[in-house]
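Have a look at the structure first, then read on.

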Amino acid sequence: MNEPGAFSVWLTQHTPSLMLWIGAICTLGLYSVLYKENKLYRLFEHIFLGLATGYMIAITWTDVLLPKWWTPLADKGQWWLIFAMIVGLTYYFIYSRRYNWIARLMIGFFLGVASGRYFQAFVNDTWPQIPASFKPVIPHGAVAAAAGSPAIKALTLPDAINNIIFMLILLCVMSYFFFSFDLKSPVLKGTAKLGRWMLMFSFGAIFGSTIMARLALLIDRVDYLLNDFGPELGGPTAGPRVMFAVLIALILLVLFLVSRSRKSEGDASVTEV
């Protein structure tokens, strides 16, 4: 190890093992937040945020600035792109007490542009949903295309029932948002209550999909500990044993921290008395 280049050779040979150990330690450190927020979790959180920020900066240069700004400016002679850099540098006037108004002008301008583009995208995505909400509810056969008009598809009885249910739910949800007058009519009260229940069902489905995404991340980390990190410690079949040992260690750690916090609370109460 004292020879020149010995550390580089050792690092090259043990890089896969080091990556597995680092991944396992980071995984356990981040999931320590399940007990409560602690210094170990904050350490790995800051490391992750730093790595993510550095990765974002690298991607911004390689995927945006280099091909779309520097290469056309330096290699293709598009000298007018220098003004883009000047405009971008005006953002740094935010650190000047005297000239920070320059940065606010640029920020306001680009916020206006972004708001306009977002409004356009919102209208393009949302407006077609309005005519699409008017669905046929009477079963009928297919109608051939006439001159200047599109063909009409056949509507079966199950499709008509599905459209009726859709229209009823839509009307109930819309009645829930009638805030211009008091809902004194029993019919309006009932439809508004039903619309609230439908909203709760949809929010529950959205929350369930969010939970499934979190579980997918958990499954990925558990699979990493079982199939990648486990064989590194004890061979090809050591994954379940390693995972069981990790769970036992985490349970013991939680019990130790709980007993420690209770002891500190008891000492504090005795001191106050």
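How many aromatic pairs does the count come to? The count comes to eight aromatic pairs in this predicted model. A pair of aromatic rings is described by the distance of the centres and the angle of the planes. Some of the rings are picked out below.

**The pair Trp69 and Trp70**
- The ring centres of Trp69 and Trp70 are 5.9 Å apart, and with their planes at 45 degrees the pair is tilted, because planes under 30 degrees apart would count as stacked and those over 60 as edge-to-face.
- Trp69 has 16% relative accessibility, so this residue counts as buried, since the cut-off for buried is under 20%.
- Trp70, at 41% relative accessibility, counts as partly exposed.

**The pair Trp197 and Phe201**
- Trp197 and Phe201 form a tilted pair too, with ring centres 6.2 Å apart and planes at 45 degrees.
- Both residues, Trp197 and Phe201, belong to helix 7 (residues 186-234), where they are four residues apart, about one turn of the helix.
- Phe201 counts as exposed because its relative accessibility is 53%, and the cut-off for exposed is over 50%.

**A cluster of rings**
- Trp79, Trp80 and Phe83 are linked into a cluster by ring pairs.

**Charges over rings**
- Over the ring of Phe166 sits the charged end of Lys135, 5.0 Å from the ring centre.
- Arg221 has its charged end over the ring of Tyr224, 4.6 Å from the centre of that ring.

How values were computed: Residues are numbered from 1 along each chain as its sequence is written. This is a predicted model: local features need pLDDT of at least 70, side-chain atom pairs count only at pLDDT 80 or more; totals for chains, interfaces and linings use all residues. Side-chain values use heavy atoms; hydrogens and water are left out. Rings of Phe, Tyr and Trp (its six-membered ring) pair if their centres lie within 6.5 Å; planes under 30 degrees apart count as stacked, over 60 as edge-to-face and the rest as tilted. Buried means under 20% relative accessible area, exposed over 50%, partly exposed in between (1.4 Å probe, protein chains only). Helices (H or I, at least four residues) and strands (E, at least two) are DSSP runs, numbered from the N terminus. A charge sits over a ring if NZ of Lys or CZ of Arg is within 6 Å of the ring centre and within 35 degrees of the ring normal.
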